[in-house]
4 protein chains.
Amino acid sequence: MTGVDVADSVVYGHLWSTPETRDLFDDRGRTRAWLQIIAALAAVQGELGIIPADAAEEIAGAGDLELDLDAVGEETRRSGHSMLGLIRVLQRRLRADGAEWVHHGATVQDVSDTWTALVMQRMLAIARRDLGTIERSLLALADEHRDTLMLGRTHGQPGLPITFGFKAAVWAAETGRHLERIAAAEPRLAVGQLAGAVGTQSSWGDQGPELQRRLMERLGLGAPDASWLTARDRVAEFTALLALVTGTLAKIGNEVYNLQRAEIGELSETPAPGVVGSITMPQKQNPERSEQLWTLARVVRASVGLALEGLVGEHERDGAAWKTEWAFLPRASTAAAAALAGAADLLAGLRVDRDRMRANLDAQQGHALAEPVMLALVPHTGRQRAHALVHRAASVGRRSNRPLLEALASDPEVTAHLPPDALADLMRPERSLGAVAAAIDDVLVRAQGRTAAP
Amino acid sequence: MTGVDVADSVVYGHLWSTPETRDLFDDRGRTRAWLQIIAALAAVQGELGIIPADAAEEIAGAGDLELDLDAVGEETRRSGHSMLGLIRVLQRRLRADGAEWVHHGATVQDVSDTWTALVMQRMLAIARRDLGTIERSLLALADEHRDTLMLGRTHGQPGLPITFGFKAAVWAAETGRHLERIAAAEPRLAVGQLAGAVGTQSSWGDQGPELQRRLMERLGLGAPDASWLTARDRVAEFTALLALVTGTLAKIGNEVYNLQRAEIGELSETPAPGVVGSITMPQKQNPERSEQLWTLARVVRASVGLALEGLVGEHERDGAAWKTEWAFLPRASTAAAAALAGAADLLAGLRVDRDRMRANLDAQQGHALAEPVMLALVPHTGRQRAHALVHRAASVGRRSNRPLLEALASDPEVTAHLPPDALADLMRPERSLGAVAAAIDDVLVRAQGRTAAP
Amino acid sequence: MTGVDVADSVVYGHLWSTPETRDLFDDRGRTRAWLQIIAALAAVQGELGIIPADAAEEIAGAGDLELDLDAVGEETRRSGHSMLGLIRVLQRRLRADGAEWVHHGATVQDVSDTWTALVMQRMLAIARRDLGTIERSLLALADEHRDTLMLGRTHGQPGLPITFGFKAAVWAAETGRHLERIAAAEPRLAVGQLAGAVGTQSSWGDQGPELQRRLMERLGLGAPDASWLTARDRVAEFTALLALVTGTLAKIGNEVYNLQRAEIGELSETPAPGVVGSITMPQKQNPERSEQLWTLARVVRASVGLALEGLVGEHERDGAAWKTEWAFLPRASTAAAAALAGAADLLAGLRVDRDRMRANLDAQQGHALAEPVMLALVPHTGRQRAHALVHRAASVGRRSNRPLLEALASDPEVTAHLPPDALADLMRPERSLGAVAAAIDDVLVRAQGRTAAP
Amino acid sequence: MTGVDVADSVVYGHLWSTPETRDLFDDRGRTRAWLQIIAALAAVQGELGIIPADAAEEIAGAGDLELDLDAVGEETRRSGHSMLGLIRVLQRRLRADGAEWVHHGATVQDVSDTWTALVMQRMLAIARRDLGTIERSLLALADEHRDTLMLGRTHGQPGLPITFGFKAAVWAAETGRHLERIAAAEPRLAVGQLAGAVGTQSSWGDQGPELQRRLMERLGLGAPDASWLTARDRVAEFTALLALVTGTLAKIGNEVYNLQRAEIGELSETPAPGVVGSITMPQKQNPERSEQLWTLARVVRASVGLALEGLVGEHERDGAAWKTEWAFLPRASTAAAAALAGAADLLAGLRVDRDRMRANLDAQQGHALAEPVMLALVPHTGRQRAHALVHRAASVGRRSNRPLLEALASDPEVTAHLPPDALADLMRPERSLGAVAAAIDDVLVRAQGRTAAP
């Protein structure tokens, strides 16, 4: 079988998922995890005397069976039921005793929601690990390029100078906030479910809460205070979190894409060996990884609307809202994982061209350093006049393609207050870096604090 | 291999796609279609003397080869190029002459965009066919239930009576408008592309337009006036069209879901034989098909935002915008096809319970027929007083659980103008059907007109 | 002036905003808040000797001026600059000294982002307050209706019994999780910004961090470690949080809407006095408040995509991403506030019809109580046979419109194991409530724990 | 009153709406239009003898009254009804006879949906007019810059040469397709509604269809075949159309934004006189109009999801779906109008720097012209070897910062087939323009054809 969805394509799947998320979400991985939940449920039901000990033991031992997935599919289509296919195929592999007590009293959503909790837990761990790697790369860049001057740009136009280390620190700070978000969300999200048909655990008399508690403990999950069969806030929060993270990664990718433009050339991806940029244009080196980060973020973002819509679940179970999760959870998760891995890889090999950064700054001929001159004029001329003077000099300079310093130095109203030497000094880019170093240090310290925490 | 995406699941895929759309979009189907485009291109290039005749003949004959998709995947990963994998594996199957002239001067997007046009053309044909089936079912229901009285409901509350045929006619009218939209869009959307690297057809000197014209003619597509490498309005229009169609199907599904409620019971799905509603609640019959229509519509809708975002393509080719299509086009198309097939199936087996419809109307004890009484009072009392009188009687009736007629008949201010007999006559539901029959006829006539058109 | 946007309509605005959020977001409120930030900045700049003490004092005293907003608009259009209009009109109200030092060294985004932080802080407080009210209503309902039997429903169909208190407890648990989310997010979101043109605080030499620290302290906000000019994760998180909250409220609204259907009649809104349901149908009572909760949630949800897209900010300032916030932040906030107020109001007046709940349960003639019979049969017949037996009886019962108990009692294969008395006992709804009481208690305890926390 | 929504802001509203759309959508404009519908309805009802002639005449004459909107708001809040406020305030202005027959037998949605149809009709006319202006600008640019060489760019990297005229022609072709879409959609969308409470025109006996036909004729609208109270496909199609159009405008804006980068400098906005780019950086000239096009497109796009969700209307009237239109229709329309006006303005003043275009092309030192060399080698060396040879030369050239021609000319394997003169000739950019001129002509001819059509 080959895939309809691009994440399942044997040709393109590697760009849209990762091996570990494929294993997590494909039929094989999902079925294996469901079997383990079924096995754990039986074990705990045996402990509590809800089902016979023999049956419990047999089912509990079936958690590692490899079922025939085509047969599961066939029985699923025959029964029209989301889980009966799995149950029937499993029952064929068990002795009669066990077979009769499989999944006793539980419903599909008990298994699928508990699996969703496990999946969210695992995805948060993946995000934490990869964001950690990304943050380390960014902090290293921040530290290494603390003084690497480059143009700051606003609205796509040259602004004041920054350093590349500062840019990396801003990215690292955002990454750090995501790590904090994940840490805070984890205990709220990693909560399973054993609710029964309408959320009341009706099948197990008064043993439901204890059964649920033990099952979740065994699976490493929290137990909910009340059914979340139609309370999907955890799923929505999780999906929004993935979109927040991949949005940041897309921002970094977009920045590399733009700064890799031939006309700018400040950053570039390390091309993988053997890679061909274009079949018709042999000279091409495209920022493919960076671009893909933006693509993946869009895909994840589109899932958030679905997740939020799913909050409006009807009554005690709502198929339309719940089954939509089957479509967006694997997609958003695999795409987010691909983005995390891709961003880690991109940053590990990011090439920084200090000379080009400096050259681009210098190519502005001082126009990027109008602010300090204006500020220095304010006490003498007032703010409005100061703005007007520098604006006029900038216009003159630009029209005649001359350095701003020359244009300013030829204006007696300026030089009356700031002689050419003073202007030249004011316009040294290093003078306009403000709190760049402090910000880099703050971000480093904060990250260390978080890492050092227990 | 098993699928990560639910449309690729061997267990659940049947609910999220159809066999014909799987064949269209999976690696096998896509690769086959791409090969046929490559073959057609070579054939036309041979005709025009752009490539040697021998090579053209060989490549043109390769359109039906079954390539080793794993090998294509491996070469794709090795080259990091979206199409070089396919080219290399194809070249291995050709003699040297042919191999050198495969896909001469063209780029990935020439093939993938032309394929996209073919896919859109095919999907519109599928939608047309299935909407035609759906429309016929609806028109038959409209005709059959032209006089089947039921409650109209607004804001979830009883309104005036309608007939079920009227409801079906409203659905049919909307379906008919979609058929008109599809017919109007088809020539605009089924347009291929042979643009070359930057849209200028640079590889073929001045032969580009003729080459493109002949290629598209051979493939049954239109030729564009200018490159659409970063002009994705056709793709966005197509995706919006799928969402419009599936939105309507979801509306029908939602209506069946609600009218199948045990407390209402007016419509119901025919359960497929062998289907199990619930493993814990053996009595259950769920409106599964109806629910799934809403789920699928959400999935399609989520793609529209991506398609519209893709309109903002940068420069002459934009990877981030274009590759997003790889994720949403198959998904939106397969989900739409599943919805079309599901809706056709649902309507073919829809059970209409006339007795329950009538009983629910009667259970309102005439409160659903307050409007005609109010209107009949207006000439006597003025509108505001008429509204107040009937509102008061309705409140009295509801509080005392009595028929509205009784409550009205006991109010002398009402009976001064409308004696009980007149009231009873006014409140016959048949009297309040307004233009129901005319609307049904109009819809039937309009549909016949469209079908009869050439 | 009258509004284009429905929140600004003099006719409909009350349904789409609240007085306190109108005051927060309209031109008057925003301008006032911006002036106060400008005043506070000057005060701190005076303290630190960055601007002359006289100027500082004058500007610091101008925080409560009422500016001519039409003049601000005119200057804004003339200058084409987002903030120069405000500055110029303010300067006219100051002596020359002060005028020259207004907003010294800061940029638009310093003010607008700090305002955004204040707004998010205020909105979280509003949400906390209103969710607190809502939670108290829900807990009271949970407690009062702990034993009020009603049908649980799944897929729109009768399931097992629950109690209305249980339903309210599930809602309360979700509301409680939102309260936890808000408490956790508040310190992360209520963080202002004084970044200067490119984020480096370049205008203030090395005084930037201290200046920012003091300013934010004065405003009751946190200070960021690095610029967030193009790091909009806080805004995206905030918007997602509003959508999570309103999604839950929409769920409650949708439930009331459905349970208020005439055919169900278990819950209903208290109509406000004087309200007219329909001008043509005088008998109408529509669940208007409930419906509006769903409408508002959609509006808020649509903002989340915009907020997430805004994460991809370019370089050191990105106008397209940032200005989109101007459109969605007020809209999402006012709609969320309207939903919070509306839900609080709806729940305060919610009517619960115990008799109808019981009647609807009884109308199922025991079919909603198939599960316990099936479970009781399992030890005797095995699970599959048990399911088949009860399923058969349910089908027979439904076809002949007889109680399930009768159908079961007439099947010797059933009565062989469960005599009629045992069946009748099993099918008492109270027996199938499972952990309902425990869940209600858990939710109550957890809410008390949160309230008791410091 | 000042606005909460940015379109209603007295400070910023001009960037988010246009005067004509403000007049269309604000309370004043909407109320005026509603009054005119009410007046027209009365006139036709008089003609048909449905209401007394005197009353008809009076109401028909009230279409131009200016009502007290605050009073309308007050009555709206008091009655809790969307339209009763308007009716009551209107009634106060009429003699008793007229007052009693206002809006006889019709419902809110009859007026509001008919208004929606008028609004869609008007917006399509605005879009047609402004897109016409935009298309003319683009065609003029295409013609003028038919031979203006510039770099084509793919994935943000230099590709082959194009001309700026070609780029403009691609934009014009897309604009032209939108004009075709609008022309095709107009008769389908400009369809009013007179449906009554549940869509059956129940109030008017068998006169409903004729009443509706005459009313719509009077208003310049089509009459529907059946009620569209819960068939909102027209509204969804309209909103998607606005998003398609503004998406294209955003693409143009984004291209100007990028090509205005100081490092590229090929296009630029004409700054309006008096405009200030930055208060801290006096040298700044930002592409503000271009940026705003992208912002506005996002806002419009966010409405499409809401419109599509609204397709799932329940029963005969669905408040949640319908009232959402109140929020998104004005917003999407005003934003689209602002984008159309902004794009027309941007293009009217677009500055094209031919020298910079040429210089950026030349700065690639021939690397952008690798394709023709590769193609010329194919007959001699085969395709793979040709790609490898040129790729190697490009790498050498880039590493040593030398022209590609030099690098190729120093490779004997290349010069064996292509001597330096031949290489130089192949690498003239004019030789690689392919079908640029033909595409420009095709687009011009097609646009002329459409304009010439009746």
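Reading residues and helix pairs in a predicted model

User: Where is C:Glu66 placed in chain C?

Analyst: C:Glu66 lies in the loop between α3 (53-60) and α4 (69-79) of chain C. Helices here are DSSP runs (H or I, at least four residues; strands are E, at least two), numbered from the N terminus. This is a predicted model, in which local features need pLDDT of at least 70, side-chain atom pairs count only at pLDDT 80 or more, and totals for chains, interfaces and linings use all residues. Residues are numbered from 1 along each chain as its sequence is written, chains are lettered from A and ligands numbered from 1 in the order in which they are written, and side-chain values use heavy atoms, with hydrogens and water left out.

User: Is C:Glu66 buried, partly exposed or exposed?

Analyst: Buried means under 20% relative accessible area, exposed means over 50%, and partly exposed is in between (1.4 Å probe, protein chains only). C:Glu66 counts as partly exposed because its relative accessibility is 41%.

User: Which residues does C:Glu66 touch, not counting residues up to four places away in sequence?

Analyst: Contact means heavy atoms within 4.5 Å. On that basis C:Glu66 touches C:Arg28, C:Arg32 and C:Arg93. C:Arg28 is 38 residues from C:Glu66 along the chain, and their C-alpha atoms are separated by 8.3 Å.

User: With which side chain does the side chain of C:Glu66 make a polar contact?

Analyst: A polar contact is a pair of N or O atoms within 3.5 Å; within protein, one must be able to donate a hydrogen and the other to accept it, and residues adjacent in sequence count only if both atoms are side-chain atoms. For C:Glu66 the partner is the side chain of C:Arg32, at 3.2 Å.

User: What does D:Asp113 contact, leaving aside its neighbours within four places in sequence?

Analyst: D:Asp113 sits in helix α7 (residues 108-144) of chain D. Its relative accessible area is 0%, so D:Asp113 is buried. The contacts of D:Asp113 are D:Gln193, D:Trp228, D:Leu229, D:Arg232 and D:Trp322. With D:Gln193 there is also a side-chain polar contact of 3.0 Å.

User: How are two packed helices described?

Analyst: By the angle between their axes and the distance between the axes. Axes are lines fitted to C-alpha atoms, for helices over the stretch in contact, and angles run from 0 to 180 degrees between N-to-C directions. In chain C, helix α10 (residues 233-259) packs against helix α11 (residues 288-309) at about 160 degrees, with the axes 8 Å apart.

User: Which orientation does that give α10(C) and α11(C)?

Analyst: Angles under 35 degrees count as roughly parallel, over 145 as roughly antiparallel, 65 to 115 as roughly perpendicular and the rest as oblique. α10(C) and α11(C) are therefore roughly antiparallel. The residues of their contact comprise 16 nonpolar, seven polar and two charged. Here Ala, Val, Leu, Ile, Met, Phe, Trp, Tyr, Cys and Pro count as nonpolar, Asp, Glu, Lys and Arg as charged, and the others, Gly among them, as polar.

User: At what angle do helices α4 and α5 of chain D pack?

Analyst: Helix α4 (residues 69-79) and helix α5 (residues 84-92) of chain D pack at about 130 degrees, their axes 7 Å apart. α4(D) and α5(D) are therefore oblique to each other. Contact residues of α4(D) include D:Ala71 and D:Val72, while those of α5(D) include D:Leu84 and D:Leu86. The contact of α4(D) with α5(D) divides into five nonpolar, three polar and three charged residues.
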